[in-house]
Amino acid sequence: MKDNQNGVEVNATTSETSIHTDFKNNMTYGEYLKLDKILSAQRRLSGHHDEVLFIVIHQVSELWMKLILHEMHAAIDCIKKDDLSSAFKKLARVSKTQSQIIQAWDVLSTMTPSEYMEFRDSLGQASGFQSYQYRMIEFALGYKTPHVLKIYEKDPELLKELRQAYEAPGLYDVAIQALNKAGISIDEEVLNRDVTRTYQENDSVRKAWITVYQNPQLYWDLYELAEKLVDIEDWLQQWRFRHMKTVERVIGFKRGTGGSSGVGYLKKVLDQRFFPELWDLRTEL
Ligand code: HEM
Ligand SMILES: N[C@@H](CC(=O)c1ccccc1NC=O)C(=O)O
């Protein structure tokens, strides 16, 4: 018999497992996962049956976003250190997680417009617009919108974290640095760009990616990196599209609680791209 990390006795010959009651620190499953906090955080303001669905979908999405950020930041560090294979694992996990979040729209769509309208007023002016993790993801992807920082002015801790993400180079910035390090020349103005601004298309970057795509055998790592980035943008746009369509399905063209035009605004953000050259090069190949 051997103890595995979880304090569970593993019988190597029969694969039988038996659970120890005397865990080293006596910690339980619920304690470890802080289930008391997580499972007591679904308080309905309206008492409406479907508000539980609404809360749970948002909480699950925010938890997945937490994992996405954890993996994306780690991937950025790996790329900076030229450890691309470790970055691939993390970026693959980001895409898989994105596909999970997208599944949530199918569950949310079981709520009809009239059911939502029965409790919408109790949400006041709260809106997904205020999701700081969503903004951190956009920042990590190089989409920098300074006006969103204003929303958090009253929360210095959060503001500090957001500002750090806002001022840091994004995933695409480090990928472009990797192109340059591999000997594919990138304009100085891009390498030294102000990373607090949203990335703008550049001809040297477009040419560099075309070189990679035309010679995958020479630049296999960069080719794989590029495809991972395309996966992430693709999934993010799919999330945005499903959000926009679900909103149309549930509230039609009503204004949003966050003060925007609603579906019109969500359609407009669909035009915004993260890694433009990686999409444009496909027409040129
Ligand atoms: C019935 C469900 C939902 C409705 C009616 C809805 C509606 C809206 C509307 C109208 C906006 C635009 C801002 C505003 O004026 O409020 C918005 C933004 C947003 N919503 Fe939702 N939403 C829903 C579900 C969700 C869910 C499940 C999430 C997941 C976390 C989410 C996350 C966001 C985010 C991140 C934004 C900001 C998007 C951006 O600025 O690009 N929403 N939502
Ligand atoms: N913006 C939504 C309200 C909404 O969806 C919402 C409200 C509070 C917390 C999260 C929300 N989700 C996403 O926007 C609406 O206009 O109905």
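**View 1. The largest nonpolar core of the predicted model, with the members that touch the most others.** Of the 39 residues in the largest nonpolar core, the ones in touch with the most other members are A140, L171, Y172 and A175, and the model in which they are shown is a predicted one. Two or more residues of this core come from each of helix 3 (51–80), helix 4 (84–108), helix 6 (132–140), helix 7 (156–167), helix 8 (171–181), helix 10 (203–214), helix 11 (220–251) and helix 13 (276–284). The most is given by helix 8, which contributes seven residues. Once neighbours within four places in sequence are left aside, Y172 is in contact with L141, G142, Y199, L229, F274 and F275. In soluble globular proteins, nonpolar side chains tend to be buried together.

**View 2. The protein chain as a whole, for orientation among the close-ups.** The protein chain has 13 helices and three strands, and its C-alpha atoms fill a box of roughly 65 × 60 × 35 Å when this is taken along the principal axes. Of the 285 residues in the protein chain, 20% count as buried. When contacts between residues at least 6 apart in sequence are considered, 64% of them join residues at least 24 apart.

**View 3. The surroundings of ligand 2.** The residues that surround ligand 2 are H58, R120, L123, A126, S127, G128, I251, G256, T257 and G258. By class, this shell has three nonpolar, six polar and one charged residues. R120 has its place in helix 5 (residues 113–120), where it counts as partly exposed because 18 C-beta neighbours lie inside 10 Å.

View 4. I57 lies in helix 3 and is partly exposed, with 16 other C-beta atoms within 10 Å. If residues up to four places away in sequence are not counted, I57 touches A104, V107 and L108. H243, by contrast, lies in helix 11 and is buried, since 20 other C-beta atoms lie within 10 Å of its own and the cut-off for a buried residue is 20 or more.

**View 5. The buried and exposed sides of helix 13.** The buried residues of helix 13 include E277, L278 and L281. These three cover an arc of only 100 degrees around the axis, and therefore they sit on the same side of helix 13. R282 and T283 are exposed on the other side of helix 13. Helix 10 and helix 11 are included in what covers the buried residues of helix 13.

**View 6. L91 and its contacts.** L91 lies in helix 4 and counts as buried, because it has 26 C-beta neighbours inside 10 Å. Leaving aside neighbours within four places in sequence, the residues in contact with L91 are A75, K228 and I232. L91 and A75 are 16 residues apart in sequence, while in space they are 6.6 Å apart from C-alpha to C-alpha.

**View 7. Two loop residues with positive phi.** N26 has a positive phi of about 60 degrees although it is not a glycine, and it lies in the loop between strand 3 (17–19) and helix 1 (29–32). With 8 C-beta neighbours inside 10 Å, N26 counts as exposed. D82, in the loop between helix 3 and helix 4, likewise has a positive phi, near 60 degrees, in a residue other than glycine. D82 is exposed, with 12 other C-beta atoms within 10 Å, a count that qualifies because a residue is exposed if 12 or fewer such atoms are found.

How values were computed. Residues numbered from 1 in each chain as written. Chains lettered and ligands numbered in written order. Predicted model: local features only at pLDDT ≥ 70, side-chain atom pairs only at ≥ 80, totals over all residues. Core = buried A, V, L, I, M, F, W, Y, C linked by C-beta atoms within 7 Å. Helix = DSSP H or I, 4+ residues; strand = E, 2+ residues; numbered from the N terminus. Contact = placed C-beta atoms within 7 Å. Arc of directions from axis to C-beta. Near = placed C-beta within 6 Å. Nonpolar A, V, L, I, M, F, W, Y, C, P; charged D, E, K, R; others polar.
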